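Please take a moment with the sequence and the model before I go through selected features.

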Amino acid sequence: MSATVYKNFIGGESIASRAGKTFERRNPADTREVVGVFQESDAEDVDAAVRAAKAAFPAWSGVPAPQRGEILLRAAEIIQSRKDRYSRDLTREMGKPLFEAGGDIVEAIGMAQYAGSEGRRMHGVTTPSELPNKFQMSIRQPIGVVGLITPWNFPMAIAAWKMLPALVCGNTVVIKPGEDAAISTYNLVECLVEAGLPPGVVNIITGHGPGAGQPLVEHPDVPVISFTGSTATGRLVYELAARQLKRVSLELGGKNPLIVMPDADIDLVMQGVVWAAFGTTGQRCTATSRLIVHREVAGPLVARIIARARSLRVGNGLDAETEMGPLVNATQLERVLGYIELGQQEGATLGCGGGRLRDGDLAHGHFMQPTVFTGVRPTMRIAREEIFGPVLSVIEVDSLDEAVAVANDVAYGLSASIYTRDINAAFRAMLGLQSGIVYINAPTIGAEIHLPFGGVKATGNGHREAGPTMLDVFSEWKSVYIDYSGSLQRAQIDNIA
Ligand code: UN1
């Protein structure tokens with residue numbers, strides 16, 4: 001069976017890259033299978049997509065927001081009706097097990113419903129004036145063409161988080177999905193088009209960062225860039241975009257801590273840690289990568305985590321039994337294995353895992369064992385750098401204050417968690433942890449789309465996706481003053497005797 005060829009989607013048409021170059025994507029669980037062939041786009045292709053988006057902007061921004069929202073609500077129903085097929089596509093392209101792929105798609109459906117209904121809200125602020133016979137209010141307006149650069153780890157959910165708020169606000173879009181998982185973006189856009197999205201309102205360009213991502217970031221007709229990916233690439237995106245004073249939203253790395261106090265329910269902690277450290281093969285920016293545990297309970301807790309990690313069924317995500325899939329590609333596998341070596345050199349103890357898995361069919365994929373390092377010190381690189389793989393570092397502490405200090409002593413601040421039954425400890429941690437998201441008695445993953453999502457410090461640049469905050473990146477405020485007094489009324493500040 002020959003693989004489907006995906007062309008760029010520009011102005012409602014499928015168009016090959018001008019240079020005629022393509023690249024193929026292979027299934028990370030079985031690299032004998034090509035899951036799709038994609039266009040290797042360059043600056044000319046990006047320019048064509050931006051021109052299409054720019055041409056579509058006047059009409060789309062003129063559609064009343066509730067009607068824009070209705071298209072998103074219809075798309076939600078279409079995605080729902082194809083959830084099983086899209087889940088299989090998603091598992092084949094990036095490896096997560098089918099039940100997790102379904103969750104990725106459900107997150108996109110939730111966002112389509114939430115952003116769709118926002119078409120009927122999009123509240124501004126109306127306040128009394130300092131002067132008589134004067135009215136004032138503020139409204140949101142669309143900005144123009146937005147450029148979206150999305151990752152492979154939540155290929156439908158994160159594309160939806162960015163695209164759907166941008167659309168309901170009245171912008172048009174050029175999206176460059178992660179080259180390892182572009183099919184899910186095509187699936188999402190297919191539903192929007194069937195729901196009635198006009199040609200040119202969303203355009204898809206595939207390719208790699210330097211060839212296709214950079215020209216999008218630098219294009220003078222793209223005033224807004226939203227990027228999710230590594231902190232290193234995010235910094236580059238920010239620098240390039242700053243030259244043109246663009247609005248940039250960055251969602252970058254994490255090194256998420258999960259704190260365990262001695263009074264915690266140890267069985268609950270074990271389940272939470274195993275899910276948050278090894279779910280999605282640890283390839284979530286919200287994954288738990290540091291277990292900061294009170295010394296009193298460290299021994300029994302870590303023994304249970306290791307026992308459960310050893311029993312996790314690693315395999316092809318299409319297999320219903322599979323609990324953990326492969327790493328996304330060979331480079332990531334090598335990178336993670338490099339950290340396993342480094343951790344040992346730094347003096348940490350390998351509690352379990354650490355190796356590549358090659359038995360039987362696994363030899364054809366990028367599989368490795370769930371890994372736990374014990375005896376980790378906060379200064380070690382495995383305790384400070386984002387690994388983005390199934391690797392948990394266990395750090396022992398003696399108090400809540402020490403736990404919070406260790407948790408905060410990294411560059412990142414996305415998600416953090418504490419397990420305790422002591423309400424005072426929970427509140428102290430909730431306020432003291434430097435992160436955009438805090439969980440109490442739940443692990444660091446599983447954010448819902450109707451609360452703000454994002455992080456502090458090197459995790460981002462102050463913006464939040466999802467929740468009511470999602471509109472801020474994609475709209476411009478306009479404050480409107482209406483003087484109906486019929487005379488010149490000087491503002492209060494200009495009227496001081
Ligand atoms: C990500 O890992 O990039 O909170 C996003 C969660 C998911 C999203 C994760 N809702 O785990």
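This is a predicted model: local features need pLDDT of at least 70, side-chain atom pairs count only at pLDDT 80 or more; totals for chains, interfaces and linings use all residues.

Let me begin with an open sheet of three strands, whose order is β6-β7-β22 and whose pairing is antiparallel. At its edges stand β6 (126-128) and β22 (475-483), each with a single partner strand, so one side of each has no neighbour in the sheet. On average, neighbouring strands of this sheet are turned by 20° against each other, direction ignored.

Residues are numbered from 1 along each chain as its sequence is written, and side-chain values use heavy atoms, with hydrogens and water left out. Helices (H or I, at least four residues) and strands (E, at least two) are DSSP runs numbered from the N terminus, and two strands pair if DSSP finds at least two bridges between them.

Within the sheet, strand β7 (residues 134-142) runs antiparallel to β22, and nine bridges join the two. Ser138, for example, has Ser479 in β22 as its bridge partner.

How many residues lie between β4 and β5 in their hairpin? There are two residues between these strands. Asn27 stands opposite Asp30 in β5.

I turn now to strand β16 (residues 371-374). In a regular strand, side chains alternate between the two faces of the sheet. Here Thr371 and Phe373 point one way, Val372 and Thr374 point the other way, and all are buried, that is, under 20% relative accessible area, where exposed means over 50% and partly exposed in between, with a 1.4 Å probe and protein chains only. Strand β15 (residues 349-352) runs antiparallel to β16 and is joined to it by three bridges; Thr349 has Thr374 as its bridge partner. Strand β17 (residues 391-397) runs parallel to β16, also with three bridges, and Phe373 is partnered there by Ser393.

Next, a pair of helices. Helix α12 (residues 400-408) and helix α13 (residues 423-432) pack with their axes 11 Å apart, at an angle of about 25°. That makes α12 roughly parallel to α13, a label for angles under 35 degrees, with over 145 roughly antiparallel, 65 to 115 roughly perpendicular and the rest oblique. In contact, meaning heavy atoms within 4.5 Å, Leu400, Asp401, Val404 and Asn408 of α12 meet Ala425, Arg428, Ala429 and Gly432 of α13. By class, this contact has four nonpolar, two polar and two charged residues.

Finally, some individual residues. Most residues other than glycine have a negative phi. Which phi does Asn441 have, although it is not a glycine? Asn441 has a positive phi of about 55°. Asn441 lies in the loop between β20 (437-440) and β21 (456-457) and is partly exposed at 33% relative accessibility. Lys457, in strand β21, has a positive phi of about 55° although it is not a glycine; Lys457 is partly exposed, with a relative accessible area of 36%.

Notes: Axes are lines fitted to C-alpha atoms, for helices over the stretch in contact, and angles run from 0 to 180 degrees between N-to-C directions. Ala, Val, Leu, Ile, Met, Phe, Trp, Tyr, Cys and Pro count as nonpolar, Asp, Glu, Lys and Arg as charged, and the others, Gly among them, as polar.
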